[in-house]
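Come along and keep the model in view as I look things up.

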Amino acid sequence: MERLSTGNVRLDEVLGGGLVSDAITLVVGAPGTGKTILAEQCLFANATAERPGLYLSTVSEPFGKLLRYGQSLEFFDTAQIGRSVFYDDLGEAVHGSGLSGVLERIKGLLKEHAPGIVVIDSFKALRSFAVDDAEFRRFLHELAGRLTVVAVSSLWVGEYEPSEATDSPEFAVADGVIGLEMRRTAERSTRYLSVRKLRGSDFRSGDHVYRITAGGLVVFPRLADVRDISTSEAASERVTTGIAALDEALEDGYWSGSTTLIAGPSGAGKTLMGLHFVFAGAALDEPGVFLTLQESRTQLARVIGRFGWAFDHPNVTIMDRSPVDVYVDELVYELLDRIREVGARRVVIDSLNDLVVATPDPLRLREFIHSLVRRCARLGISVMFTYETMELFGITRLSEIGMSHIADNVVLLQHVQHGSEMRRALSVLKSRGSPHSAVISEFKISTHGITLGEPIDLRTIQG
Amino acid sequence: VLVAERDRYAAELFEYFLRTEGYDVCVAFDPASAEQMFAERGPDLAIVDLMIAGVGLDLCARLARDAGARVLAMSDLHLADEALAAGASAFLAKPIVPLQFVSTVRDLLGLSALTRRSVVHLS
C-alpha cells in the first residue's frame with residue numbers, strides 16, 4: 001500500500017510508514033489539540049504543482065484567520081500558495097445551498113485542480129447542515145464516492161468527542177482515524193496522539209506524546225521494544241567502573257552493554273560514582289553522555305572540577321534538564337539522538353527518581369526505561385542509573401518501578417554510623433552473568449574521588 | 001473516446017478530463033450499451049472498467065479482439081496481466097491520477113487522434 005508522509009518522520013513511524021495514500025483519514029480532537037496544524041503539515045509536505053494540495057475550510061473558522069495563523073508555521077511556504085497549495089472556503093456553498101452546494105463545489109474543485117490531497121476543516125461542522133441523518137449519510141456516500149474515483153488523499157478534520165466514534169457515520173467511512181488529545185495530571189498537561197483505525201495496515205498502538213512547535217507536530221512514539229537477547233550473553237568485554245577496587249570486586253568491571261543501578265541515600269556518592277564511570281571511559285577514548293536532572297550545569301561543573309576532571313572533556317557530553325519540565329518520552333528520544341551523535345559507549349542518568357516524578361504513569365516509565373536499556377544493550381552501550389533510596393540508614397527497599405529487575409548490576413551505597421562519626425559503605429548486590437564479591441566495603445570520598453577501603457561489619461558498627 | 005464505466009462519479013470525471021483535452025466522448029454504463037455505441041460511433045479508443053456488470057474482461061476481449069478496438073482497461077483490482085491477455089493495449093490502476101490518465105489516453109491514440117483532429121479542423 002502506498003504511503004503519504006505526514007511531514008514528520010516519527011509520526012510516519014507510528015503510522016507504519018505514513019498515511020495510507022488515496023484514502024480518507026479523520027483527524028479528531030478537542031479544540032486546541034493541533035488538528036489544523038497536522039492537516040496543514042501533511043498538505044504542504046505533499047503538495048506539488050502536478051498534484052496540488054487543497055485546503056477547504058467550512059464554517060467553524062473564518063477563512064482569513066486560518067491563513068493568518070497558518071503563516072506563522074515554518075512549513076507554510078507562501079510561494080506555494082496559488083501554485084501547489086490552494087485554500088478555499090466552503091462556507092458560502094454550505095450556507096447558500098446546504099450539503100448539495102458543498103458537493104457541487106467540491107466536484108468543481110476536483111475538476112479544476114485535480115489535487116493529490118484535500119483537507120476539509122471542520123468536517124464535523126457540515127453535519128449540522130443536514131436536515132436529517134439520512135441526508136448526511138447520502139452526502140457522505142456521494143462525497144466518499146467522488147473522492148475515491150481519483151487518486152486523492154483526504155483529511156477530514158473535526159472536533160469529535162470520543163463517544164462519537166461509535167455512532168458517527170464518518171468513522172465508518174474513514175479508512176484511518178487519528179486522535180489528538182490533551183490530558184491533565186496534577187499540574188501537567190500532556191498531549192497524546194493515537195491511531196484509532198488504519199484500514200489494511202499495521203501501526204504502532206497506544207498513546208504517543210507530541211508537542212506543537214512552529215515546525216508542526218513533533219511526535220515521540222511510545223517506545224515499546226520487545227525483549228531480545230540478554231546483555232550478559234551479548235557482551236564480550238568488560239568496562240571499568242572507574243574505581244579500581246570496585247573493578248576487582250566485580251571481577252574486572254561491568255559487562256559492556258549492561259545496565260547498572262547505583263542506589264543509596266542522599267549524599268552517599270551516587271553522582272560521583274556516575275562521574276567516575278563516564279570519565280574513566282573518556283580517558284579510554286570511549287565517549288559518554290551524562291544526563292543530570294539533579295544539578296544545574298554550573299553546579300555539576302563545580303563538582304567535576306573539584307575531583308580534577310575536565311568539564312569540557314571532548315569525550316564527555318553533559319545534558320542538564322530541569323526535572324520540573326521533563327517529559328520522559330521527549331527526553332528519551334533526545335538522549336537517544338545525543339548517544340547516536342557522539343557515538344557514546346557509556347551513559348549515566350542521574351537520577352531515576354527524577355524520571356519517576358516526571359512520569360505520572362509508572363507503566364509508561366517502565367516501558368521507556370526498558371526500551372532505552374534494550375536499545376543501548378543491543379549497541380553495547382553501558383547505562384548507569386542513580387537511584388536515591390528513601391531511608392538514610394538500614395535500606396530495606398530498592399525500587400518501586402522494578403528497576404532492580406531490569407538492571408544487570410546493582411551497587412548499593414549506604415551511610416553507616418560509627419559512634420559520632422558517619423561512614424560510607426559499598427556493596428554489590430547483583431552482577432548478572434559474573435561472580436562478584438559479597439563483601440560490604442567502606443569507601444571514602446577525597447579529592448581523588450572514591451577509594452574503596454576495608455570490609456566493614458554493619459552489625460558491629462551500627463549496633 | 002468511448003468510456004464504459006460502472007461508476008457514475010468516475011464516468012463524469014473521465015468525461016470531463018477527456019473533453020478538457022479536446023476529445024469527443026461518449027459514455028456507457030453497461031456492456032450492451034457500450035457495444036452498441038462502439039458499433040454506431042466507431043471510437044478510436046474504448047476505456048473499459050473491468051468491473052462493469054462483472055464482465056469487463058469479456059467486454060474488453062470482445063471490443064479488442066472481435067471489433068479490433070484499441071482498449072484502455074482500468075480497475076481497482078490488479079488485473080493488468082488479465083487485461084492485456086484479453087487484448088487491452090494498456091491498463092491503469094484505479095484510483096487514477098488525472099495527468100497520468102490523460103497522458104495514457106494521448107499515448108494510446110497517438111497519431112490517429114491527432115490526424116483525425118486535424119482533419120476535423122481542416123474540414
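**The sheet of chain B.** I began with chain B, where 5 strands make an open sheet in the order β2-β1-β3-β4-β5, with parallel pairing. For the terms: helices (H or I, at least four residues) and strands (E, at least two) are DSSP runs, numbered from the N terminus, and two strands pair if DSSP finds at least two bridges between them. At the edges I found β2 (26–28) and β5 (90–93) of chain B, each pairing on one side only. From one strand to the next, the twist averages 20°.

**Ground rules.** This is a predicted model, so I noted that local features need pLDDT of at least 70 and side-chain atom pairs count only at pLDDT 80 or more, while totals for chains, interfaces and linings use all residues. Residues are numbered from 1 along each chain as its sequence is written, chains are lettered from A and ligands numbered from 1 in the order in which they are written, and side-chain values use heavy atoms, with hydrogens and water left out.

**Inside the sheet.** I looked up β3 (residues 46–49) and β4 (residues 71–75) of chain B and found them paired in the parallel sense over 4 bridges. Which residue of β4(B) is the bridge partner of B:Asp49? It is B:Met74.

**Helices on the sheet.** Helix α2 (residues 31–41) of chain B packs on the sheet and touches β1 (2–4) and β2 of chain B, its direction making about 155° with that of β2(B). Helix α3 (residues 56–66) of chain B also packs there, touching β1, β3 and β4 of chain B, at about 160° to the direction of β3(B). A contact means heavy atoms within 4.5 Å; axes are lines fitted to C-alpha atoms, for helices over the stretch in contact, and angles run from 0 to 180 degrees between N-to-C directions.

**Chain B as a whole.** I counted 5 helices and 5 strands in chain B, and along the sequence they follow β-α-β-α-β-α-β-α-β-α. Of the 123 residues in chain B, 47% are buried, meaning under 20% relative accessible area, with exposed being over 50% and partly exposed in between (1.4 Å probe, protein chains only).

Chain B has a mean pLDDT (the predictor's confidence in each residue, from 0 to 100) of 88, with 89% of its residues at 70 or more. Over residues 114–123 of chain B the pLDDT is below 50, and beyond near neighbours in sequence this stretch has 5 contacts in the model. Where pLDDT is low, the predicted coordinates should not be read in detail. The model scores ipTM 0.75 and pTM 0.80.

**Over to chain A.** Strands β4 (residues 53–57) and β5(A) run parallel, joined by 5 bridges, and A:Tyr55 stands opposite A:Tyr87 in β5(A). Why is strand β5 (residues 85–89) of chain A largely enclosed by the rest of the structure? Because 4 of its 5 residues are buried.

**Cysteines.** I found 0 disulfides over all chains, a disulfide being a pair of cysteine sulfur atoms within 2.5 Å. The sulfur of B:Cys60 lies 16 Å from the closest cysteine sulfur, in B:Cys26, too far for a bond. B:Cys60 is buried at 0% relative accessibility, and A:Cys42 is buried at 2%.
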